[in-house]
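Visitor: I am new to this structure and would like to learn how to read it. Could you take me through a few features, one at a time?

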Amino acid sequence: MSKIAAMTPETAQAEATAPEHGGVARWQDFFQLLKPRVMSLVVFTGLTGLMAARAPINPFLAFVAVLCIAIGAGASGALNMWFDADIDGLMRRTRGRPVPSGKVRGDDAAALGVVLSLLSVMMLGVAVNWLAAGLLAFTIVFYAVVYTMWLKRWTSQNIVIGGLAGALPPAIGWAAATGSAPLNAWLMVAIIFLWTPPHFWALSLYISTDYAKAGVPMLPVVKGAKATRLQILIYSLVLIPVCLSPVLTGLGGPIYLAVAGLGGAVFLTLAVRVFLSKAGDAADPRVADRDLYEVDEDQKAAGAKAARNLFAFSILYLFALFAALLGEAVSGVKALELLS
């Protein structure tokens with residue numbers, strides 16, 4: 001589905017007319033273009049990659065590197081919101097975003113995205129190194145062009161392939177610290193990459209009507225709920241061993257092993273419950289009026305609660321994994337300083 005074909009009169013008017021608030025967009029509206037929630041996760045995983053490298057780096061340059069990762073993530077978000085204004089206006093979860101709601105002009109969102117993209121890549125390259133800058137540039141282009149403009153509207157594997165963009169920040173952080181991206185950096189990338197499909201497919205199982213209304217070919221819409229539940233289980237079975245593998249390479253220590261093992265057992269249990277449930281079999285049109293995490297009694301019987309629980313826990317699991325890596329890395333750096 002093309003952007004123009006999917007655009008409704010309402011969203012077209014939103015892009016063409018002046019923003020609300022007396023014709024001047026507030027700074028808060030522009031900040032929302034940067035997807036601050038996504039940015040916070042990107043910054044966290046990028047910082048973890050930088051610290052996990054356990055390499056000496058000037059604190060100011062480390063700050064610049066993390067700042068550039070944040071700006072690059074924000075740039076990707078602004079470009080995504082500009083291009084997706086048509087379908088965002090059709091979905092409950094996204095219709096309040098700045099462009100479809102008319103708070104920010106589409107052209108302004110695009111301009112902000114381009115300027116921040118160039119700024120983040122150039123600043124990272126000049127101040128830190130060009131490997132990190134190149135990885136950041138690839139991430140922005142992959143998310144804004146390959147995923148947003150092509151994959152998202154074309155294939156049910158959009159989340160699988162497009163997930164690479166969200167998985168790369170640890171490698172960028174590691175490259176910023178060392179000028180290289182070894183196996184351990186890519187292990188962190190692999191964890192996020194394999195985590196992404198079960199995370200988003202669990203969400204899509206109980207809000208599939210939202211995606212169907214917007215014409216987004218998410219897996220439950222194209223292949224059905226049963227196939228989606230099977231794919232969630234398969235990816236979960238692959239994800240858990242990969243989450244444990246950093247212990248074998250020296251990236252993760254005993255704390256990480258405990259978090260990855262216990263959390264992985266819970267993750268896999270929830271994935272099995274989703275597989276055995278009927279989540280997504282009966283799409284609920286009332287989802288448009290519900291909070292993202294709200295599941296009523298009728299939906300519980302249909303299995304939507306199982307999908308909701310996996311979606312919610314997956315966020316906690318990823319955060320816990322990288323928090324463990326970050327904590328061990330900080331402790332390791334301090335130990336090296338004491339011994340030096």
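**A buried alanine and some helices**

Guide: Let us begin with alanine 171, which is buried, its relative accessible area being 0%; please keep in mind that this is a predicted model.

Visitor: Where does alanine 171 lie, and with which residues is alanine 171 in contact, leaving aside its neighbours within four places in sequence?

Guide: Alanine 171 belongs to helix α10, which covers residues 169–178, and, with those neighbours set aside, its contacts are Leu135, Ala185, Trp186 and Val189. Proline 182 is eleven residues from alanine 171 in sequence, and their C-alpha atoms are 8.5 Å apart in space.

Visitor: How should I read two packed helices?

Guide: Two packed helices are described by the angle between their axes and by the distance between those axes. Here the axes of α7 (residues 106–127) and α8 (residues 130–154) come within 7 Å and cross at roughly 160°. Because angles over 145 degrees count as roughly antiparallel, α7 is roughly antiparallel to α8. Their contact is made up of ten nonpolar, three polar and no charged residues, including Leu124 in α7 and Trp130 in α8.

Visitor: What span should the 23 residues of helix α16 have, and how far apart are its end C-alpha atoms?

Guide: At 1.5 Å a residue, helix α16 (residues 254–276) should span 33 Å, and its end C-alpha atoms are 33 Å apart, which agrees. An α-helix has 3.6 residues a turn, so residues three or four places apart point the same way. Among the buried residues of α16 are Tyr256, Ala260, Gly263, Phe267, Leu270 and Val274.

Conventions. Residues are numbered from 1 along each chain as its sequence is written. This is a predicted model: local features need pLDDT of at least 70, side-chain atom pairs count only at pLDDT 80 or more; totals for chains, interfaces and linings use all residues. Side-chain values use heavy atoms; hydrogens and water are left out. Helices (H or I, at least four residues) and strands (E, at least two) are DSSP runs, numbered from the N terminus. The expected span of a helix is 1.5 Å times one less than its number of residues. Buried means under 20% relative accessible area, exposed over 50%, partly exposed in between (1.4 Å probe, protein chains only). Axes are lines fitted to C-alpha atoms, for helices over the stretch in contact, and angles run from 0 to 180 degrees between N-to-C directions. Angles under 35 degrees count as roughly parallel, over 145 as roughly antiparallel, 65 to 115 as roughly perpendicular and the rest as oblique. Contact means heavy atoms within 4.5 Å. Ala, Val, Leu, Ile, Met, Phe, Trp, Tyr, Cys and Pro count as nonpolar, Asp, Glu, Lys and Arg as charged, and the others, Gly among them, as polar.
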